[in-house]
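Good morning, everyone. Please look at the structure as we go.

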Amino acid sequence: MVPALALEDITVTFVSRDGGRYTAIKETTLQVAPGEFVSVVGPTGCGKSTLLNVAVGLLQPSAGRIRVFGESLAGLNRKAGYLFQTEALLPWRTALQNVTAGLEFRKTDASQALRQAESWLQRVGLGGFGARYPHQLSGGMRKRVALAQTLILDPEIILMDEPFSALDIQTRQLMENELLELWSANRKSVVFITHDLEEAISLSDRVVVLSAGPASRPIGEYQIDLPRPRDVAEIRLTPRFIELHGLIWRTMKSEVLKSYAQQQQQ
Amino acid sequence: MRSSSSNKTALRFWQVVLFIVLLAIWHVATSPTLLPPVYFDNPHKAAFFFGEPLKVLARTWEWFSSGTIYPHLWVTLLETVLAFVIGTVLGLGMGLWLALSPLASALLDPYIKALNAMPRVILAPIFAVWFGLDIASKVALGVTLVFFIVFFNVYQGVREVSYTVLANARILGASERQLLRHVYVPSAMSWVFASLHNSVGLAFVGAVVGEYLGSSRGVGYLILQAEGTFDINSVFAGIAVLTAFALLLDWAVSLAERRLLVWQPRGGETEKM
């Protein structure tokens, strides 16, 4: 089967103004099958976001190639939706107008776009909040709007960059369950970036562990054979989850310590 | 809620009281009969230099009741609005262009800086020669004042667009044109509105200074005429009328601002249910 997204031998080296070089990612290969939910975990500063920026076409890799359903990627990845870690909603548009934005850019009929957006707001639990501006919504609500904004375009590949990291733990688990529910209703390929191993295991079909930066690369891959549908809060208590967590953590631990030691030096 | 509104009423009351007290001091100090002359040798000299508030009020009243002020006021306001609109549109266009085109920006940078540093009021005589003594020369002066304020704010506004918001709009499928319309312009507009009070004020300054330096109509012209005949009361009346209308314009701007910037958070604002 042709993978939905294939990163082949990707290396990303940043050059700073004073001529310094920093290799964030080195010779990384990652494939995501259609409908597969893959999480990428790693210590802070290991180039997880860089990998995602390459996959969506915001960043050109120094070496390597990206294939989207078998075709080489040039420019922005039109088959991908992207959920940002930080605020990305257009602050001058209401929640509803934010959700319609993508359809509007694609010149979809306005009344049809409006109907779809309203139904998406309902689906993410914000039925009565369409007229509010982003600053009038809570952090969790803004994430829901962002989710609806991305999913309304029905992308084949969904890239998520620690989307829930700024939320409190309860809101976060609610959002994770909602994400799983939306995803299982219409299975697309997902690349989910996080530094939270529990989040990664409870959501994914497969977890990829990146080494500490600089020159990060995948150092472990684990199939998560937990049954679906899952409840992210409950599944954490099952023996298999704990077993998998222990297994992956053994790989991750040394990398986290390395990354911590590097931060101490700086 | 109640206490804040009654506080506001009390504040208004004391503001009015202060105004009346200041007028009373002015009246007592300049009246030829109320106080013996302290500084001037002649009791009428204080009134000659500083005017008399009652006569200023009478003159203002006379202007409005006889209607002689209206054509002048109309001309001044027309000049202000034209200068404001033209200056804003030019500033917006240039600001967007230079902010989005690094080459043009680098090329024109020293010229923009020089033009901004120049005391532009001095251009008034040149504009009078170029555009005549009618409203065009005043509008031109106002435009040079308004343009730079709007220009720098738009430039800043475009530069400060959040990288994430921009990237998000791109990934959602926005073309370059759509980015301009849906991201850059709205972001720049919030900065333009932040500078609106300044630019309306300067449009007004451009109009009045232009009239003062050479014209046949307008409130600035009225003040110039009164000065020529040492009619200090009319000068003060002209200033009072100008001030009142400047406040009115400022209020209109606040109103427009509140309408158009609903999406911006205000300090301490609670959620509307």
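In what order do the six strands of the open sheet in chain A lie? The order is β6-β7-β8-β3-β9-β10, and the pairing is mixed. Strands here are DSSP runs of E with at least two residues, helices are runs of H or I with at least four, and both are numbered from the N terminus. Two strands pair if DSSP finds at least two bridges between them. β6 (80-83) and β10 (218-223) of chain A are the edge strands, each pairing on one side only.

This is a predicted model, in which local features need pLDDT of at least 70 and side-chain atom pairs count only at pLDDT 80 or more, while totals for chains, interfaces and linings use all residues. Residues are numbered from 1 along each chain as its sequence is written, and chains are lettered from A and ligands numbered from 1 in the order in which they are written.

Strand β9 (residues 206-210) of chain A runs antiparallel to β10(A), and five bridges join them. There, V208(A) stands opposite E221(A) of β10(A).

Let us turn to chain B. Helices α7 (residues 135-159) and α10 (residues 196-213) of chain B pack at about 155 degrees, their axes 8 Å apart. Axes are lines fitted to C-alpha atoms, for helices over the stretch in contact, and angles run from 0 to 180 degrees between N-to-C directions. α7(B) and α10(B) are therefore roughly antiparallel, a term for angles over 145 degrees.

Methods: Parallel < 35°, antiparallel > 145°, perpendicular 65-115°, else oblique.
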